[in-house]
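Dear colleague,

I am passing on the structure below, and would be glad if you could read the notes that follow beside it.

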Amino acid sequence: MSAGPPAQTDRDDASGDRSSGNESTATPVRYEEVSKRYPGADHDAVHRLSLEVPAGEICVLVGPSGCGKTTAMRMVNRTVEMTSGEIFIGDRSVRQGDAAELRREIGYVIQQIGLFPHRTIAENIGTVPSLLGWKQAEIEQRVEKLLELIGLDPEFGDRYPSQLSGGQQQRVGVARALAVDPPVMLMDEPFGAIDPINRSRLQNEFLRLQAELGKTVLFVTHDVDEAIKMGDRIAVLRKGGEVAQFATPTELLMEPADDFVEDFVGADRALKRLALMRVKDASLWKAPICLAGDPTGPVRSDLAGAEVPHALLVDSGRRPLGWLSERDLAAPQVPSRPDTPADPLIDADSILRDGLATLLQSGSQYAPVVDGNGRLGGVLSVEIVADFLSSGEAAESELAAVDRPHE
Amino acid sequence: MSDPLAGPGWLLGAAAPSDFFRDRSDGGCIQENKLFCPDWAIDNIDRYTDPTLQHLVLVFSAVAAGFLIAFGLAVLAHRHRALSSPFLAATGVLYTIPSIAFFFLLLPITGRGALTAIIALTAFTLQIIFRNITTGLRNVPPEVTEAARGVGLTPKQILWRVEIPLAMPEIIAGLRVATVSTVALATLAVFANGGGLGAEIVSGSNITFKTGIIIAGSIAILMAITFDALLLLTGRLLAPWKRVEA
């Protein structure tokens, strides 16, 4: 919450919370039969698009170039005016009222960033607040908050855009879009011009921000991997601006609606699915576990019917200490120093793709999966991943459960 | 010393007023018409005050009027691209009309005097300033105006808060060229009976009196340099972001 003095303004409820942000409630965005035909064109750039983006979700519009994804997005803030149809933000049609005023209530981030080169970073971030007539002190407070949010030192506020790196500029672009805490954000290939390493970092940062802010985001990209990573829902558009499929990333990968989507998603879509699942959500195997000093007899009999044919030695906090060999188990009691170390350990929160990579790199068949406290959660094997990839219908229902964990 | 500004004075060979050499106190220097007679200069420096002030008024009025008109035209042409070429052609024609010819064209309408001179000088500046303003506006990166529009600036706000400030370095550059050339050209105002330093150059020309030409010419050069430096400084103040870009 705001640490500053209460703002004495005649504006309503929101004014006191301005500098603290993330107070606005997200709003759904609904396209109803929206078409756009550019003057002189012989067919629609976007054709009768109907789409509902639930509040607080990231909806990615993805498709080959010329599919109308950017046009579709830009009709929301009327930087492109629709030819027919209706777009609602909440209950309000975007056609109501003045376009410039509408745009001030919608965050907007573009690939080329478009910071104002003649304005300092602070002035850039404060653009919309100042258009809306906020008091200088309020603006300064908000700018400071946003710089913190995007992880830039406050001293950056006095610099000019040309003094920042591309990645920093894009962060400022996002901060400018978030300045008045708009419920809806439009992002047009926002990370498209950033090098791959920084792009991945910015994507993660934005996902973290989004987890905190819960905006309704329309995100345009031509990159399927980015769409799968960023989207809660993905609308795949084909030429002519028609929706080929509107689905969660999982559905898209599991069940592409037609050849076009399948083609667009790519031949390696099976592998892409590995990015969708956390290790902890896979059907991990169980290994017999024991503590140092336990009698080995029961452990040997556990091994007979176990999924993992090796026993794991753990400490009293269930932290894996090592694998027990035949020789270890030949003794009457479980030794405190087993022959084989427990490495590698796999973080339960990592995605399945990274878990598999760790496993393959170490050359071992099994790896204990541990939570943040190092406690054993199960064992990952190459076979689990192979099963996951090869299972058709079964995996689908399983994945559906992953998408809706609380049902 | 050759002063290009003084050129037309010789060409036209205007006659000196009869009382011009009345202050001959130095004997030799003036009679021999040496390059520069310091004694005469010291004794007669006052006679340059009024022409200098007149010259300042000529330059300032012409550049200010030229700027206002060119600015209006440039903004119009920026909004309606189709106007750009006709405006450029029209100002181009005005630019190429020799100033003296322009004076004579205007004589029947505005008569002899400073106004005629200012009109001709203004017409001369239009092309330079117009071209620079339109170039400046055109060079604003499209993503910047796109972002400005996207975050909710109105077209008017985009013009005044984004495009014009960003075009400022080019606008100032145009003003510098226009001002310096106008300082030089304003010496011709004398042919429209418009006063200015040209009066001193011409009346001193008689092709013989070098000291007078040198003094008037030097004042004009000094004036041009000063204006140029002031505009340069203004440009720096108006475009602080440019200083960090290097």
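Leu380(A), leaving aside its neighbours within four places in sequence, is in contact (C-beta atoms, placed from the backbone, within 7 Å) with Val279(A), Ala282(A), Leu284(A), Ile346(A), Gly355(A), Leu359(A), Ala367(A) and Val369(A). This is a predicted model, in which local features need pLDDT of at least 70 and side-chain atom pairs count only at pLDDT 80 or more, while totals for chains, interfaces and linings use all residues. Residues are numbered from 1 along each chain as its sequence is written, and chains are lettered from A in the order in which they are written.

Together with Leu218(A), Leu380(A) touches the most other members of the largest nonpolar core, which holds 160 residues; such a core is a set of buried Ala, Val, Leu, Ile, Met, Phe, Trp, Tyr and Cys residues joined through C-beta atoms within 7 Å, buried meaning that 20 or more other C-beta atoms lie within 10 Å of a residue's own. Helix α7 (residues 114–138) of chain B gives the most to this core, with 13 residues; helices here are DSSP runs (H or I, at least four residues), and strands likewise (E, at least two), numbered from the N terminus.

As for the two chains, 21 residues of chain A are in contact with 16 residues of chain B. On the side of chain A that touches chain B, α2 (99–104), β6 (106–110) and α4 (127–131) of chain A each supply at least two residues, and the largest share, four residues, comes from α2(A).

With kind regards

Note on methods. A residue is buried if 20 or more other C-beta atoms lie within 10 Å of its own, exposed if 12 or fewer, and partly exposed in between; C-beta atoms are placed from the backbone.
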